[in-house]
Amino acid sequence: MGDKGFVDARRGRGVLAAGAAVLLLAGCGSGGDDAKAAALGKGQVASVLPDAKAAPGWRLYMKPAALKPMAEYPPPVCVSRTKEQRETACRPATSWGSSAFVRKADRTTLNFWVLAYEDEKAADAAYDVLIKWYGGDRVGQDARKVDLGGTGAAREANRAAVGTMGGPGTIAQLRVGTTVLGISTGTDGTSAVPDQEVKAFATMFAERAQQAQNGEKPSASLPGR
């Protein structure tokens, strides 16, 4: 599915800046039983999204930004098959946001998105709906599973040799407490982002979500800085 499937970064930058909503997973990041699951405000959602310091080796293309959904415009990253599913996954979202990166060396894109909910029950229901859209072979034909370990309360990732950008692509989704997290990679080249790197993205992103729900400033980052 590549970066088109998750975030159209060029269009998203202007949309988020303008405040319009036309853009484009109970447990902690490590699955601990003692994790808190607090509802996040718009500012906290923005802080969960990786920034330049959190992703060394990648160039920040769209800065982390978050919005409160408008009733008439559900979060564009909240995609489902039916009206009933949209009512379950999209309408209850309290905030959402995204950030995006590129790596010129191999023409690869990296996108992150967050949907925040009032409680774990709402987030869990949303995850179940969204994985029906973003899971399986949505990334491309003959997709295969990518192992994310035990990150989050629920998780799934899939890779296809040919995504919508023409080269290898991945889509991952996780639930961490009251949030649903999404990650995608895509390229018009031939080099896939390694599975271990996708797992590292998911681990870092989930930790940032848990840090925010613990009342901390998210600081988790990828190795290298």
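This briefing describes a disulfide, a pocket, a sheet and a few single residues of one structure. The model is predicted, so local features need pLDDT of at least 70 and side-chain atom pairs count only at pLDDT 80 or more, while totals for chains, interfaces and linings use all residues. Residues are numbered from 1 along each chain as its sequence is written, and side-chain values use heavy atoms, with hydrogens and water left out.

**The disulfide**

- A search of the whole structure finds one disulfide, a term that stands for a pair of cysteine sulfur atoms within 2.5 Å.
- The disulfide is formed by Cys78 and Cys90, whose sulfur atoms are 2.1 Å apart, and with -95° about the S-S bond this link is left-handed.
- Cys78 lies in the loop between β1 (59-67) and α4 (83-89) and Cys90 in the loop between α4 and β2 (95-103), so the pair ties together parts that are 12 residues apart in sequence; helices (H or I, at least four residues) and strands (E, at least two) are DSSP runs, numbered from the N terminus.
- Both Cys78 and Cys90 are buried, where buried means under 20% relative accessible area, exposed over 50%, and partly exposed in between (1.4 Å probe, protein chains only).

**The sheet**

- Seven strands make up an open sheet in the order β1-β2-β3-β7-β6-β5-β4, with antiparallel pairing, and two strands pair if DSSP finds at least two bridges between them.
- At the edges of this sheet are β1 and β4 (144-145), each of which pairs on one side only.
- The antiparallel strands β1 and β2 are joined by six bridges, and Ala65 has Ser98 in β2 as its bridge partner.

**Single residues**

- Gln85 lies in helix α4 and is buried, with a relative accessible area of 15%.
- A polar atom of the side chain of Gln85 lies 2.9 Å from the backbone nitrogen of Arg81.
- Lys53, in the loop between α3 (42-48) and β1, counts as exposed at 60% relative accessibility.
- Although Lys53 and Ala220 are 167 residues apart in sequence, they are 9.5 Å apart in space, C-alpha to C-alpha.

**Residues lining a pocket**

- Among the residues that line the second largest pocket are Pro69, Lys83, Arg86 and Cys90; on a 1 Å grid over the protein atoms alone, a pocket is an open set of points where a 1.4 Å probe fits, with protein on both sides within 12 Å along at least five of seven lines, and lining residues have an atom within 4 Å of a point.

Key. Polar contact = N/O pair within 3.5 Å; in protein donor to acceptor, adjacent residues only side chain to side chain.
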